[in-house]
Every structure is written in C-alpha cells, then in structure tokens.
Amino acid sequence: MAQNAVEKTPLTLLGLGAMGTALARAWLAAGHQVTVWNRTPGRAAPLVAEGAVLAESAAAAVAANSLVVLCLLDEASVEEVLAGTEPAGKDLVNLTTGTPAEARARAAWASARGARCLDGGIMAVPPMIGVPASGAYVFYSGSHELFTRHRETLAVPAGTTWTGTDPGHAALHDVALLSAMYGMFAGTAHAFALIREEDIDPVAFAPLLADWLTAMAPAVHRTAERLKSGDLTGDVVSDLAMQTAGVPTFLGTAEQQGVSPELLRPYFALMRRRLAEGGGGEDLAGLIDLLRRAPGTAA
C-alpha cells in the first residue's frame with residue numbers, strides 16, 4: 001500500500017470537546033474521511049460543514065470505520081459510550097485521559113471482544129493540535145502492530161512517541177510529566193507569593209524565575225543516572241544535610257512575607273525524614289524511594 005493511502009485512512013472520532021474538535025479538524029485538513037459522534041450533536045455542525053460525516057449514534061460511528069479514536073471526558077464516559085457498540089475487528093485508539101490501570105483494563109476489554117487497543121496520552125493543548133511547529137505529541141502504548149499500522153494517520157494532528165507494549169505506559173508517562181509540571185507550578189506560585197506585597201514588578205521578576213528553572217532542569221538527568229546506578233553520594237555538590245539546614249530560612253521567609261508554606265512543607269518533611277534515616281551525604285535523589293514508601297499517600 002502506498003504511503004499516501006495509509007495517510008488517508010478513514011477514521012471515526014468519538015468525542016467533540018475542545019481537543020476532539022481540534023483532532024477532527026487536523027485530520028479533515030489532511031484529507032481524511034472523518035466520521036464523528038458526540039453526545040451533544042450540535043457540536044458536530046461546524047465539522048460537518050468542513051466535510052465530516054455525522055453518525056446518528058456511537059454504535060453507528062464505531063461501525064463506520066476500522067480505526068476508531070476516542071477522546072472523551074474520562075474512563076466512565078468511555079465505558080458508557082462503548083457499551084452499546086460492536087468493537088470486534090476494530091482498532092481502538094483511546095486518547096481519553098486516564099490512569100495506567102484503566103488503560104490496561106480497557107485493553108483487556110477490547111481483546112476479549114475481538115478488538116485491538118492503543119492507549120494515548122496527549123501532551124498538548126487544543127491550539128497546538130495540527131500545528132507542526134507547536135511541539136505537540138502523543139504518548140502511545142499497547143499493540144505495537146496497531147501503532148505501526150496507523151502511525152502515519154496518528155501523526156497528522158501531533159507527533160507520536162512510543163512507550164511500549166504495556167497498555168498502561170502511555171498514561172503513566174502522561175501523568176508523570178504532568179505531575180512534574182504541577183510541581184513546577186507550585187514552586188512558581190510560592191515564588192510569586194513571596195514577592196507579591198513587595199515593590200517588585202512581577203513582570204520584571206518573571207525572566208529571572210524562568211531562567212532559574214531552565215538552569216535547574218538538567219538536574220533531572222543527574223537524578224535519573226543516580227536512580228539507575230544506585231549511587232546517591234558520588235560527586236554530590238550540595239548534600240541533603242546542607243540543604244535541610246536551610247529549611248528554616250525558607251519557612252521563616254514565608255512567615256515574614258505572610259505566605260503559607262503549604263506548597264513546600266511536604267517536600268521539606270521528606271528531606272528531614274531522609275536525613276533522620278542517615279541520608280545526609282546524599283543529594284535529593286534519595287527522596288524518591290522514600291516517597292514510594294511514604295505513609296498516607298492516598299488522596
């Protein structure tokens with residue numbers, strides 16, 4: 001089959017929220033025949049005007065094409081939408097945000113019904129979809145044969161990054177990266193809160209903060225190397241004992257500035273626990289395994 005034929009594979013898209021609509025438009029713009037369905041049919045009208053085919057039901061939408069993409073609110077929505085469909089023989093690509101366990105369960109559900117399943121984690125916001133220079137990409141995991149078969153089609157709205165045959169690994173990569181993002185946002189919020197009541201222009205402060213975070217980013221590579229080697233003490237520049245000694249300064253500054261330390265205190269608590277266990281000569285990589293066995297981790 002010619003590459004062009006693969007790129008023009010017809011597909012079904014279930015879910016027309018902001019992300020689903022952006023995906024549909026990217027495939028339509030690339031010349032794909034796209035059948036769409038949404039619980040609120042009115043959302044499909046602009047896409048139908050652009051060439052999409054509106055299915056009367058989710059079952060009809062699934063029946064229309066071999067490649068079926070889901071981009072719904074959550075796993076409960078996926079369960080509800082697929083309940084009355086016939087997935088046998090279909091290639092399901094689930095781009096709905098969920099947990100690794102949900103992705104594995106969905107893959108097992110699909111296999112038991114004669115379908116194949118890929119799970120995806122979208123690393124982008126809707127305006128980035130279909131824009132080659134935006135840096136948007138999607139993590140995929142599950143059936144590698146299915147991924148290979150549809151890779152050209154899946155790459156139309158955003159880049160593709162394969163994470164392995166474990167169906168849960170795309171979701172795990174997605175949540176891991178987003179968790180790091182929220183950690184950065186938490187630190188950024190604390191930093192701005194500290195200067196909020198001072199005669200400091202936040203716009204002038206922002207480049208300093210952004211440059212500092214950029215300078216700190218390579219630390220993730222050193223952390224990864226330590227986790228792989230198990231060496232937590234070699235070539236440590238600023239060990240845990242020294243960093244923990246500085247905690248009162250951070251908490252005292254927050255108190256003086258009238259800022260709650262609630263975003264920093266849990267991390268400082270981990271530092272103190274690791275120090276108490278004898279990890280004073282380590283860098284901060286030692287907190288990772290401590291976090292894995294931390295009590296009270298339930299939300």
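1. Aspartate 119 touches Asn94, Ala103, Phe139, Tyr140, Ser141, Pro167, Ala170 and Ala171, leaving out residues up to four places away in sequence; contact here means heavy atoms within 4.5 Å. The residue belongs to strand E6 (residues 116–123), where helices (H or I, at least four residues) and strands (E, at least two) are DSSP runs numbered from the N terminus. Aspartate 119 is buried yet has no salt bridge, and the nearest side chain of opposite charge, arginine 106, is 7.8 Å away. Buried means under 20% relative accessible area, exposed over 50%, and partly exposed in between (1.4 Å probe, protein chains only). A salt bridge requires a side-chain nitrogen of Lys or Arg within 4 Å of a carboxyl oxygen of Asp or Glu. For charge, Lys and Arg count as positive and Asp and Glu as negative, while His and the chain ends are not counted.

2. On the basis of the note: this is a predicted model, in which local features need pLDDT of at least 70 and side-chain atom pairs count only at pLDDT 80 or more, whereas totals for chains, interfaces and linings use all residues. Residues are numbered from 1 along each chain as its sequence is written, and side-chain values use heavy atoms, with hydrogens and water left out.

3. Overall architecture. The protein chain contains 14 helices and 8 strands, and its C-alpha trace spans about 65 × 45 × 35 Å along the principal axes. Of the 299 residues in the protein chain, 39% are buried. Among contacts between residues at least 6 apart in sequence, 60% join residues at least 24 apart. The accessible surface comes to about 16,000 Å², with 60% of it belonging to carbon and sulfur atoms; accessible areas come from the Shrake-Rupley method with a 1.4 Å probe, and for residues only the protein chains shown count as cover.

4. Nonpolar cores. The largest nonpolar core has 31 residues, and those with the most contacts inside it are Leu13, Leu23, Val69, Val93, Leu95, Ile129 and Tyr140. Strand E1 (11–14), helix H2 (18–29), strand E2 (34–37), strand E4 (67–70), E6, strand E7 (137–142) and helix H7 (144–154) each supply at least two residues of this core, and H2 gives the most, with 7 residues. Another core, of 18 residues, lies apart from it and has Ala58, Leu92, Trp109 and Cys117 among its members. A nonpolar core is defined as a set of buried Ala, Val, Leu, Ile, Met, Phe, Trp, Tyr and Cys residues joined through side-chain atoms within 4.5 Å.

5. Leucine 95. Setting aside neighbours within four places in sequence, leucine 95 is in contact with Leu23, Val69, Leu70, Gly120, Ile122, Val138 and Tyr140.

6. Glycine 164. This residue sits in the loop between strand E8 (159–162) and H8 and counts as buried at 15% relative accessibility. Not counting residues up to four places away in sequence, glycine 164 touches Tyr140, Ser141 and Gly142.

7. Salt bridges. The count comes to 13 salt bridges. The side chains of glutamate 50 and arginine 25 meet in one of them (2.8 Å, N to O). Glutamate 50 lies in the loop between helix H3 (45–49) and strand E3 (53–54) and arginine 25 in helix H2, so this pair ties together parts that are 25 residues apart in sequence. Both partners are partly exposed: glutamate 50 at 40% relative accessibility and arginine 25 at 36%.

8. A buried pair. Arginine 106 forms a salt bridge with glutamate 75, the closest N and O atoms being 2.6 Å apart. Arginine 106 is in helix H6 (residues 100–112) and glutamate 75 in helix H5 (residues 75–82), 31 residues apart. Arginine 106 is buried at 4% relative accessibility, and glutamate 75 is buried at 15%.

9. Arginine 149 forms a salt bridge with aspartate 91, with the closest N and O atoms 3.7 Å apart. Arginine 149 lies in helix H7 and aspartate 91 in strand E5 (residues 91–94), so the pair ties together parts that are 58 residues apart in sequence. Arginine 149 is partly exposed at 45%, whereas aspartate 91 is buried at 3%. Salt bridges that share partners join Asp91, Arg116, Glu145 and Arg149 into one network.

10. Surface patch. Leu178, Tyr182, Met184, Phe185, Trp212, Leu213 and Met216 make a nonpolar surface patch of about 690 Å². Patches are made of residues with over 30% relative accessible area and no salt bridge, with like charges joined within 9 Å and nonpolar side chains (Val, Leu, Ile, Met, Phe, Trp, Tyr) within 5 Å. Helix H8 (169–195) and helix H9 (202–216) each supply at least two residues of the patch, and the largest share, 4 residues, comes from H8. Phenylalanine 185 lies in helix H8 and is partly exposed, with a relative accessible area of 42%.
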